[in-house]
Amino acid sequence: MVEEGGEATSAQPQKGYLLSINLKEGRNLVIRDRSGTSDPYVKFKMEGKTFYKSKVMYKNLNPVWNESFSLPLRCLEQKLYIKVYDRDLTMDDFMGSASVLLSELELDRFVLVDLSLESDPNSLEDDMGVIVLDVCLALRDGESKKNLRWPPRRKRGSMRKKSNIVQSSPGLAETLRKSQLWSGVVSITLVEGQDMLDDGTGEVFIRFRLGDQKYKSKNVCRRAKPQWREKFDFNQFQDGTVMLEIEAWAKEGRKWEEIIGTCDLDLSMEPVNETRPHTRVLRDRNNPGESRGKVVFLVSLAPCTGVSIGDLCDPPLEEPAERTQILERYCLKNSLKNLKDVGFLQVKVIKATDLLAADLIGKSDPFCMLELGNDRLQTHTIYKNLNPEWNTVFTFPIKDIHDVLEVTIFDEDGDKPPDFLGKVAISLLSVQNNQQISYMLKNKDLGGPTKGNVVLEMEVIFNPVRASIRTFKPKEMKFMEDNPKFSKKILARNVYRVRKITRAVLHTIQYIKSCFQWESSQRSLIAFLIFVLTVWHWELYMLPLFLLLLFAWNYFQIAAGKVSHTHDLDNMDWCEDDDEDEKESEKRGLMEKIHMVQDIVITVQNLLEEIACFGERIKNTFNWSVPFLSGLACLVLTVATIIVYFIPLRYIVLLWGINKFTKKLRKPYAIDNNEILDFLRRVPSDIQKVQYAELKPSASQSPLRKKRGAM
């Protein structure tokens with residue numbers, strides 16, 4: 001029986017097929033953007049899973065892709081689904097779908113297919129356009145024709161690489177790799193507005209867009225000549241759009257926004273490594289001939305190196321020649337060359353273990369997203385696996401050594417937004433070079449643990465001089481951050497933090513008062529002698545000297561183990577149930593009742609946040625929470641001590657005043673900043689220290705949480 005069965009199996013082996021597709025073009029696609037066009041891309045799906053995604057064709061209703069790919073098959077009794085979407089930053093808009101029954105295709109024959117896109121059942125649009133494909137189905141057992149070739153076209157990937165993604169092998173898809181890498185950086189400085197309508201009410205802000213990248217400026221009072229003085233960077237992709245879109249918006253309160261005018265700039269006409277000022281007229285959308293003011297900004301294009309995606313078998317820093325070149329680039333003798341290029345980061349994303357099961361079958365389709373500032377790269381997806389192995393190497397150029405690498409694992413969920421599985425945040429200054437570390441994953445707000453671990457190996461190479469200079473420059477802001485929402489738990493947490501800082505200040509004041517009141521004769525006598533000698537022999541250099549002594553005192557206290565800079569984090573209460581607050585508010589109609597005072601409450605909440613962060617950052621600077629920053633502060637204070645010692649104060653003040661009065665004349669587009677505040681923004685607050693701290697498997701609940709749980 002066994003032999004008979006074996007003979008039957010060998011007589012009728014299961015056939016394998018290869019489905020080859022050439023996505024040619026789209027015709028008369030539907031409009032999904034307010035500008036009267038769309039940014040279409042195509043997804044190919046089978047059995048509910050996306051196995052290929054085309055590149056995005058920006059502002060084109062008749063796109064031409066010419067992308068080829070292949071997929072191995074076992075069964076032909078299934079449909080190939082083609083879905084078209086309009087790319088957007090938040091939620092992609094549906095543009096139509098079509099399907100092909102594979103059993104109806106003829107073997108070894110090219111078929112040119114014009115697929116009419118069908119709309120959503122609830123849509124009122126009848127004609128969604130057409131997608132044109134070349135399709136060929138062939139056997140994989142060697143019986144297919146050998147001379148089948150596609151017409152000449154642009155290749156986007158190979159059968160082997162795309163098959164690797166479906167089969168969850170370590171190979172990277174070339175299309176995924178190319179779509180993420182940027183070749184240049186566009187630096188934009190928003191200066192001011194001119195001749196804008198001044199009605200005395202509301203605020204105005206500017207939105208910039210380059211492809212999928214969007215930046216929103218701060219809100220300023222609406223007047224004829226609003227001032228912004230903000231600088232930010234966009235990445236420029238090789239196949240991406242070159243049209244920079246600018247929109248001016250008016251805002252009043254939290255609900256009302258109205259567009260003032262729009263303009264654009266063709267970046268392909270901009271010179272490389274040269275800063276150019278631009279004054280663009282804002283045009284009314286409904287009446288392009290009407291001017292709504294002007295916007296003044298600077299644009300600079302620069303090539304970018306250092307970003308790459310590769311396999312684990314070939315990391316850049318393990319190539320002797322390339323490693324030598326990178327070390328030479330960031331050595332001390334080249335410190336004053338290319339000050340913006342601070343360093344180089346290599347991240348090996350090896351694997352994840354014991355992830356959450358996001359699908360009904362008890363599995364997940366995980367992929368890993370890496371974010372460094374506004375730069376973002378991601379791995380391929382490994383399907384139906386809770387212990388994926390990506391074995392992928394990423395490299396990033398470092399703009400600021402105080403940036404934090406955020407590694408987030410998502411579950412791919414078809415056309416829906418991906419499901420969150422876990423996250424970890426790692427400060428670049430805390431990276432242990434060439435150490436393979438398993439990090440426990442945290443929840444979305446990085447406040448507590450979630451299921452799973454991710455294994456990473458990192459290496460950071462940077463120039464300390466460039467990093468120090470960059471520390472005193474304005475910190476890069478995140479693009480298009482979400483509007484803040486009121487949360488009573490965040491408000492309570494911020495009140496607790498401010499109360500703790502206030503209590504420390506009051507304790508210090510009380511200690512000084514106790515010296516005046518001679519509560520302890522010995523302490524009061526010593527304080528009196530120090531005060532007399534200090535006032536009698538006072539010189540200005542003593543001020544930074546005393547601060548240096550405070551740094552040294554805290555350093556030796558920490559080195560001796562008497563004080564820990566983490567003891568302040570033990571009683572930190574994390575708010576992990578903000579969704580419950582929102583549900584409760586919806587049930588009671590609370591948002592309607594407090595709508596009139598919500599702006600005030602959020603302002604108070606953010607003010608408390610700023611006060612708490614400011615106090616904690618000063619404290620964390622002196623207690624060596626970040627040795628690099630504390631060491632840098634000591635260096636600056638040492639230089640200040642020497643300068644003030646040898647140079648009379650009147651000359652220093654005179655030079656400072658001349659610099660302040662002539663700065664506007666020398667640099668009319670200079671961005672105002674405070675070096676001390678810019679430095680402090682790099683120092684982590686207690687909240688950030690919790691977020692960036694590595695979780696310990698044996699970590700227990702804090703005493704405050706236990707006490708509240710008992711209550």
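**A buried asparagine and a helix-lined pocket**

Asn-22 is buried, because its relative accessible area is 0%, and the cut-off for that term is under 20%. The model in which this residue is seen is a predicted one. Asn-22 belongs to strand S1, which covers residues 17-27. Its side chain is joined to that of Ser-68 by a polar contact of 3.2 Å.

Attention now turns to the second largest pocket. This pocket holds about 630 Å³ of space. Of the elements involved, H7 gives the most, contributing eight residues. In total, 15 residues line the pocket, and those nearest its centre are Ile-526, Ala-527, Phe-528, Ile-530 and Phe-531. By residue class, the lining comprises twelve nonpolar residues, two polar residues and one charged residue.

H8 consists of 18 residues, and the distance from its first C-alpha to its last is 25 Å, close to the 26 Å expected at 1.5 Å a residue. Within H8, the residues Met-542, Pro-544, Leu-548, Phe-551, Asn-554 and Gln-557 are buried. Just after this helix comes Gly-561, which adopts a positive phi of about 80°.

Definitions and conventions:
Residues numbered from 1 in each chain as written. Predicted model: local features only at pLDDT ≥ 70, side-chain atom pairs only at ≥ 80, totals over all residues. Heavy atoms only, no water. 1 Å grid on protein atoms, 1.4 Å probe; cavity = no way out; pocket = protein on both sides within 12 Å on 5 of 7 lines; lining within 4 Å. Points joined across faces, edges and corners; volume = space filled by probe spheres on them. Helix = DSSP H or I, 4+ residues; strand = E, 2+ residues; numbered from the N terminus. Nonpolar A, V, L, I, M, F, W, Y, C, P; charged D, E, K, R; others polar. Expected span 1.5 Å × (residues − 1). Buried < 20%, exposed > 50% of the residue type's maximum accessible area, 1.4 Å probe, protein only. Polar contact = N/O pair within 3.5 Å; in protein donor to acceptor, adjacent residues only side chain to side chain.
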